[in-house]
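Let's take a friendly walk through a protein model, beginning with a single residue and ending with the chain as a whole. Keep the structure open while you read.

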Amino acid sequence: MTIKEMLEKREDDILSPYASRSRYTKGRASPLSHDDMRTEYQRDRDRIIHCKAFRRLMHKTQVFLSPEHDHYRTRLTHTLEVAQIGRTIARSLKLNEDLCEAIALGHDLGHTPFGHAGERVLQRCYDPAFDHCKQSLRVVEKLENLNLTYEVRNGILCHAGSALADTNEGIIVKFADRIAYINHDIDDALRAGILKADALPRELCDVLGHSHGDRIDTMVQSVIRASTDKPTVMMEPHIYDATMKLRAFLFENVYTNPEAKGEEGRAEALLEALYHYFIAHPFEMPDEYQPTVEQEGVPRAVSDYLSGMTDRYAINLYKSIFIPRVWGQKT
Ligand code: MG
């Protein structure tokens with residue numbers, strides 16, 4: 001018996017009837033070479049970790065633009081927190097931890113630089129329907145050509161908004177994403193002094209907990225309690241209600257806070273200028289975007305290029321195109 005067969009047997013022995021089993025995957029767009037060691041979902045997780053778009057998450061904004069301080073979240077550390085929370089829930093529910101991890105690690109690969117500010121620019125300039133879930137799917141399918149299983153692609157596409165994933169592992173990632181960002185965005189806002197510790201609504205803290213760790217714990221445990229031996233994954237209604245109210249509080253007090261978001265207008269103007277520049281000069285984009293120029297048109301290719309940029313890449317590129325160099329300076 002190969003290691004892969006042993007792992008597949010372990011899935012049969014351990015997982016709940018509501019779990020996705022890797023050997024029954026709906027498969028990939030084209031077959032991969034044989035692997036004796038890893039299940040199909042483990043291979044997907046590894047393919048995501050080794051792609052370039054994954055490494056760029058390190059320099060993409062979560063909430064605070066290009067944070068200099070060492071302890072603010074970036075899109076990469078957010079992604080790792082989602083994977084950790086997702087795996088804890090999946091393991092507790094005897095669902096497929098590897099599938100959950102793969103979806104979590106890939107879910108934000110299509111996020112633009114400068115967080116949702118970047119998304120707004122592409123919605124305005126390129127297509128009102130542009131969104132980071134669809135772009136994440138495009139990254140794994142086309143731009144990185146990772147050839148992932150259906151279940152991972154479906155989970156990535158359905159991680160936000162009203163769509164519900166086909167698998168319970170995909171639904172877990174949707175919860176894990178929210179649990180992660182609601183809690184770490186509070187933590188970062190406290191660190192930045194945007195929020196004062198006593199500003200969080202008391203009635204919500206009484207339900208969810210008074211510390212960062214307690215609140216994550218309450219939310220995670222609630223999903224596990226509500227979903228154990230159930231065909232689908234959910235959160236207990238009263239915890240869900242408090243969680244969504246806390247999220248609404250964040251929208252009012254952090255995501256639109258002028259101190260935290262003061263640079264967003266400038267970030268949008270910068271990306272918009274880059275967008276129009278490359279629409280006019282498509283052949284100045286790197287070679288890897290040229291086939292898309294030919295096959296799907298310039299605006300699609302420019303949107304792929306822009307959405308793939310890290311914050312600092314976009315800033316440096318803007319400088320090199322639009323800011324005159326001081327006389328005598330190299331670079
Ligand atoms: Mg996310």
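S22 sits in the loop between α1 (3-14) and α2 (40-49). Helices here are DSSP runs of H or I with at least four residues, strands are E runs of at least two, and both are numbered from the N terminus. The model is a predicted one, where local features need pLDDT of at least 70 and side-chain atom pairs count only at pLDDT 80 or more, while totals for chains, interfaces and linings use all residues. Residues are numbered from 1 along each chain as its sequence is written, and side-chain values use heavy atoms, with hydrogens and water left out.

Is S22 buried or exposed? With a relative accessibility of 0%, S22 counts as buried. The word buried means under 20% relative accessible area, exposed means over 50%, and partly exposed lies in between (1.4 Å probe, protein chains only). Not counting residues up to four places away in sequence, S22 touches E8, E11, T39, E40, Y41 and N96; contact means heavy atoms within 4.5 Å.

Now look at another serine. S162 is in the loop between α8 (150-157) and α9. This residue is exposed, with a relative accessible area of 79%. From S162 to V63 the distance is 22 Å, C-alpha to C-alpha, and the two are 99 residues apart in sequence.

**The metal site**

Which residues coordinate the magnesium ion? They are H78 (NE2), H107 (NE2), D108 (OD) and D177 (OD), at 2.2 to 2.5 Å. Donors are N, O and S atoms within 2.8 Å of the metal (3.2 Å for Na, K and Ca), and sites may look incomplete because water is not among the atoms. Along the sequence, the donor residues follow the spacing H-x28-H-D-x68-D.

**Aromatic rings**

Rings of Phe, Tyr and Trp (its six-membered ring) pair if their centres lie within 6.5 Å; planes under 30 degrees apart count as stacked, over 60 as edge-to-face and the rest as tilted. By this rule there are seven aromatic pairs. One of them joins F251 and Y255, an edge-to-face pair with 4.8 Å centre to centre and 75 degrees between the planes. Both residues lie in helix α12 (residues 237-255), four residues apart, about one turn of the helix. The rings of Y318 and F322 have centres 4.8 Å apart and planes at 40 degrees, so this pair is tilted. Y318 and F322 are likewise four residues apart, about one turn, in helix α17 (residues 311-322).

| Residue | Relative accessibility | Class |
|---|---|---|
| F251 | 39% | partly exposed |
| Y255 | 15% | buried |
| Y318 | 24% | partly exposed |
| F322 | 35% | partly exposed |

Y318 and F322 also belong to one aromatic cluster, together with Y277, F278, Y289, Y305 and Y313.

**The cores**

In soluble globular proteins, nonpolar side chains tend to be buried together. A nonpolar core is a set of buried Ala, Val, Leu, Ile, Met, Phe, Trp, Tyr and Cys residues joined through side-chain atoms within 4.5 Å. The largest one in this model has 66 residues, and I48, I89, L109, V152 and I179 have the most contacts inside it. Helix α9 (residues 168-192) gives the most to this core, with 11 residues. Beyond its neighbours within four places in sequence, I89 is in contact with I172, I179, V220, V223 and I224. A second, separate core of 23 residues includes A117, V121, Y277 and L306.

Helix α9 also holds N183, which is buried at a relative accessible area of 1%. Leaving aside neighbours within four places in sequence, N183 is in contact with H212, R215, I216 and M219.

**The whole chain**

How many helices and strands are there in the chain? There are 17 helices and zero strands. Of the 331 residues, 54% count as buried. Along its principal axes, the C-alpha trace spans about 70 × 55 × 35 Å. Among contacts with a separation of 6 or more, 69% are between residues 24 or more positions apart.
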